[in-house]
Amino acid sequence: MDVKIKLNVSFTVSGSGLEDALAEYDELTVTGMLSEMLDKSIACDEIQVDIAEGPNSLEEYDKQTS
């Protein structure tokens, strides 16, 4: 039987860590990266990731730090 789990997660990541993680997963957005991580780690189906706060791309990150 399939089970649906919904949660909110908050975490802090360094700028260089964000760059490295996006490069490792070959993703342009944090949303895409987190979806890939969940899919590869626990074989989730129909993954939906929403960024409530914070940058969703390196471009958005650069704007925040300028």
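**View 1. The largest pocket has a volume of about 1600 Å³.** A pocket here is an open set of points on a 1 Å grid over the protein atoms alone, where a 1.4 Å probe fits, with protein on both sides within 12 Å along at least five of seven lines. Its volume is the space filled by probe spheres set on the points, which are joined across faces, edges and corners. The model is predicted: local features need pLDDT of at least 70, side-chain atom pairs count only at pLDDT 80 or more, and totals for chains, interfaces and linings use all residues. Residues are numbered from 1 along each chain as its sequence is written, and side-chain values use heavy atoms, with hydrogens and water left out.

**View 2. Let's look at the lining of this pocket, made up of 34 residues.** Lining residues have an atom within 4 Å of a point. Nearest the centre lie Leu7, Leu38, Gln48, Val49 and Asp50. Helix 2 gives the largest share of the lining, with seven residues; helices are DSSP runs of H or I, at least four residues, numbered from the N terminus.

**View 3. Glutamine 48 sits in the loop between helix 2 (30-42) and helix 3 (58-65).** With a relative accessible area of 66%, glutamine 48 is exposed (over 50%, using a 1.4 Å probe and protein chains only). Its side chain makes a polar contact of 3.4 Å with that of aspartate 50; such a contact is a pair of N or O atoms within 3.5 Å, one able to donate a hydrogen and the other to accept it, and residues adjacent in sequence count only if both atoms are side-chain atoms. Glycine 32 is 16 residues from glutamine 48 in sequence, and their C-alpha atoms are 9.5 Å apart.

Note on methods
Helices (H or I, at least four residues) and strands (E, at least two) are DSSP runs, numbered from the N terminus. Buried means under 20% relative accessible area, exposed over 50%, partly exposed in between (1.4 Å probe, protein chains only).
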